[in-house]
Amino acid sequence: MSQKQQLINQVIEAWRALQQQAPLVQCMTNSVANNYVANILLAAGASPAMIDNPFEAEDFTKISAALSLNIGTPTTEQTQAMLISAKTAQQHQVPWVLDPVGYGAVLKWRSETVDQLLQFHPSIIRGNASEISTLAGNNIQSKGVDSTLNSQDVYAQAKSLLQYTECVAISGESDFIISKPLNAVIQVNGGCYLQPKITATGCALGALTAAYHAVAPATIAALAAHIHFAIAGKLAFEHAQTVGSFNIAFLDYVHMLDDNLIQQYVDIEVVDMES
């Protein structure tokens with residue numbers, strides 16, 4: 001069996017495990033995204049909890065199956081909670097995902113918070129190409145929190161982030177999963193150009209990655225989440241070509257995905273990571 005088919009089989013097993021276990025995922029995300037992220041996780045089969053204050057963070061992280069930290073609209077209290085939960089996750093082996101939204105020189109305070117969070121070694125770092133490139137030490141001017149780079153141009157730069165994490169996921173026209181355990185880069189094709197037109201799709205992707213990481217290793221979790229979104233986006237666009245209708249269809253297909261659809265529509269390529 002090829003490595004590619006082995007990965008697909010592991011993604012299908014991760015999807016089945018997500019449905020069976022409905023893992024509790026603690027999410028700290030931005031104010032624009034809370035409702036959408038929760039709905040995506042529910043549609044996919046997980047159980048979201050948006051606990052993001054410093055007075056409850058430690059206790060709740062201890063009982064969570066996974067943690068998703070998205071620094072899109074940070075407040076003082078929320079960033080305190082993130083640091084508490086990241087430390088707790090590291091201490092109690094709770095898998096966690098870091099989404100460094102808007103990282104860069106312009107938004108210095110949040111970027112310093114991200115630098116602190118990296119010290120607690122997220123299981124997976126997920127972001128768009130500009131965020132990941134800047135986090136890896138390149139001086140990139142992003143357009144707000146939107147990417148101005150192609151994800152394919154970034155994955156070679158992003159290898160430096162593997163000192164902090166097992167896996168780096170870069171979303172874009174194609175997504176790239178950089179795996180330390182496999183020493184490989186996995187390209188995920190699919191999706192639809194309308195997905196970035198919907199607020200919080202990237203935030204929800206980070207949270208879904210955390211949900212999958214509750215039931216699967218880091219590389220498979222990142223791969224499964226990105227395949228889940230890529231297939232849902234592709235199928236949604238076949239039924240709806242305008243933003244509002246697409247948004248509804250996308251949520252439907254996030255919910256309706258199954259192992260047969262994964263096997264039928266998955267489109268991935270595996271390449272060895274350059275040394």
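A salt bridge is a side-chain nitrogen of Lys or Arg within 4 Å of a carboxyl oxygen of Asp or Glu. The structure holds four of them. The model is predicted: local features need pLDDT of at least 70, side-chain atom pairs count only at pLDDT 80 or more, and totals for chains, interfaces and linings use all residues. Residues are numbered from 1 along each chain as its sequence is written, and side-chain values use heavy atoms, with hydrogens and water left out.

**Stop 1: Arg16 and its partners**

Select Glu13, Arg16 and Asp259. A network of salt bridges links these residues. Start with Arg16 and Glu13. Their closest N and O atoms are 2.8 Å apart. Where do the two sit in helix α1? They are three residues apart there, in residues 3–21, so about one helical turn separates them. Helices are DSSP runs (H or I, at least four residues), and strands are runs of E (at least two); both are numbered from the N terminus.

Now colour by accessibility. Buried means under 20% relative accessible area, exposed means over 50%, and partly exposed is in between (1.4 Å probe, protein chains only). Arg16 is partly exposed at 33%. Glu13 is also partly exposed, at 44%.

Next, turn to Asp259. Its salt bridge with Arg16 also has closest N and O atoms 2.8 Å apart.

**Stop 2: Arg126 and Asp99**

Select Arg126 and Asp99. They form a salt bridge with closest N and O atoms 3.0 Å apart. Which strands does this pair link? Arg126 is in strand β5 (residues 124–128) and Asp99 is in strand β4 (residues 96–99), 27 residues apart. Both residues are buried. For Arg126, the relative accessible area is 4%.

Show everything around Arg126. Contact means heavy atoms within 4.5 Å. Not counting residues up to four places away in sequence, Arg126 touches several residues, among them Val97, Ile132, Ala169, Gly202 and His226.

**Stop 3: the annotated positions**

Why do the two gather at one spot?

Ser171 is in strand β6 (residues 167–171). Is Ser171 buried or exposed? At 16% relative accessibility, Ser171 counts as buried. The side chain of Ser171 makes a polar contact with the side chain of Arg126 (2.9 Å). A polar contact is a pair of N or O atoms within 3.5 Å; within protein, one must be able to donate a hydrogen and the other to accept it, and residues adjacent in sequence count only if both atoms are side-chain atoms.

**Stop 4: the nonpolar cores**

A nonpolar core is a set of buried Ala, Val, Leu, Ile, Met, Phe, Trp, Tyr and Cys residues joined through side-chain atoms within 4.5 Å. How many residues has the largest one? It has 65, and those with the most contacts inside it include Leu208, Tyr212 and Phe250. Helix α9 (residues 218–239) gives the largest share, 14 residues.

Zoom in on Leu208. Leaving aside neighbours within four places in sequence, Leu208 is in contact with Leu18, Leu41, Ala44, Ala225, His228 and Phe229. Finish at a second, separate core of 31 residues, which includes Leu69, Ala86, Val154 and Leu162.
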